[in-house]
Amino acid sequence: MRIAAIDFGGTAVKLGVFESRRMVAAEEAPIVGGRVDLEAVARRLDVLLEGHRPDFAGIAVPGIIDPTGTRLLAAHGKYGDLHDVDLSAWSVEQFGCGAAVENDARAALIGEVADGSARGARDAALIVLGTGIGTAAVVDGRVVRGSHGHGGILGGHVTVDVSGPRCACGNIGCAEAIASTWALSADAKAGRLALGPVLSERLSVAGSIGIRDLIETREEPESASLLDRYIAVWAAAVVTHCHAFDPEVIVVTGGVMRSAGVILPALRGIVHQNLWSSSYRPRFVVPEAPSTSVLRGIAALAADMDSDNTNEGRQ
């Protein structure tokens with residue numbers, strides 16, 4: 001069984017070829033200006049396939065997927081040229097097979113449950129701490145999608161501060177609007193944050209800063225205070241996810257987790273402290289191969305689809 005997998009990520013498109021669920025080839029290409037050239041993606045994947053036709057295909061995108069699992073409906077400020085494109089039909093045209101199309105956070109969780117850090121879990125949740133904040137959930141072995149495709153993936157858009165800023169999504173005080181990489185950079189450039197001299201210098205030189213900069217300058221009181229606030233916000237989002245889905249395991253991933261030794265103990269401690277008194281205290285895990293979680297998940301999802309009707313069996 002040959003599977004072609006495509007991950008339209010925040011900054012790059014990742015391509016993978018799988019043989020019987022094992023990745024045998026992979027490639028990554030940067031995204032320039034938030035736009036994607038589908039013809040170029042198809043050409044690169046054809047090269048990776050070495051002339052072979054895939055039996056199945058899977059495509060992950062960062063946003064809301066329509067209930068039929070064929071197209072991206074909405075992704076605020078990202079991949080506008082993919083909105084409402086029938087990606088399954090495009091896959092038939094390009095590769096001769098339909099594609100399973102899924103939200104990238106859901107795909108990442110599917111990958112970790114299938115053969116990663118949450119292998120075999122029946123009830124699991126995921127939070128992605130990166131440019132934004134993404135989430136996903138699996139309940140009793142079934143991926144949470146909801147009747148309109150929004151289920152489980154908007155955990156970064158729970159209100160954690162009713163007096164907080166307006167988020168790009170339209171809500172007030174979202175976790176992502178307060179404690180994400182894009183929010184940090186925007187707030188810092190706008191002068192809304194107190195920054196120590198080292199972090200200020202980094203902002204001046206690079207023009208932007210990220211969570212890693214906070215971590216690397218946490219000897220400065222200003223950075224330490226900001227980092228503590230961010231961890232508290234992330235914990236609030238995780239607590240809400242736990243109260244909603246009651247997972248046995250929480251997968252924490254994203255670029256921030258390159259500093260898991262700093263972040264994870266504090267995050268786990270706050271979550272366990274703040275959960276409902278009788279709630280199960282889930283274990284926290286970090287993927288060993290986070291860069292391939294989405295590809296592995298979308299490949300696993302594609303393999304479970306019927307080859308004659310790619311979207312049969314979506315749960």
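Colleague: What makes strand 8 and strand 9 a hairpin, and how many residues lie between them?

Modeller: Strand 8 and strand 9 form a hairpin with 3 residues between them. This is a predicted model, in which local features need pLDDT of at least 70 and side-chain atom pairs count only at pLDDT 80 or more, whereas totals for chains, interfaces and linings use all residues. Residues are numbered from 1 along each chain as its sequence is written, and side-chain values use heavy atoms, with hydrogens and water left out.

Colleague: How do you know that strand 8 and strand 9 pair, and in which sense?

Modeller: Strands are DSSP runs of E with at least two residues, helices are runs of H or I with at least four, and both are numbered from the N terminus. Two strands pair if DSSP finds at least two bridges between them. Strand 8 (residues 124–129) and strand 9 have 6 bridges, in the antiparallel sense, so they count as paired. Within this pairing, Ala136 of strand 9 is the bridge partner of Leu126.

Colleague: Why is strand 9 called largely enclosed?

Modeller: Buried means under 20% relative accessible area, exposed means over 50%, and partly exposed lies in between, with a 1.4 Å probe and protein chains only. In strand 9 (residues 133–139), 6 of the 7 residues are buried, so the strand is largely enclosed by the rest of the structure.

Colleague: What makes a group of residues a nonpolar core, and which members of the largest one touch the most others?

Modeller: A nonpolar core is a set of buried Ala, Val, Leu, Ile, Met, Phe, Trp, Tyr and Cys residues joined through side-chain atoms within 4.5 Å. The largest has 39 residues, of which Trp234 and Val252 touch the most other members. Helix 8 supplies the largest share of this core, 11 residues.

Colleague: Why are strand 3 and strand 7 called edges of their sheet?

Modeller: The open sheet of 5 strands has the order 3-2-1-4-7, with mixed pairing. Strand 3 (22–30) and strand 7 (99–103) each have a single partner strand, so one side of each is left without a neighbour in the sheet. Inside this order, strand 1 (residues 2–8) and strand 4 (residues 56–61) pair in the parallel sense over 5 bridges, and Ala5 stands opposite Gly58 in strand 4.
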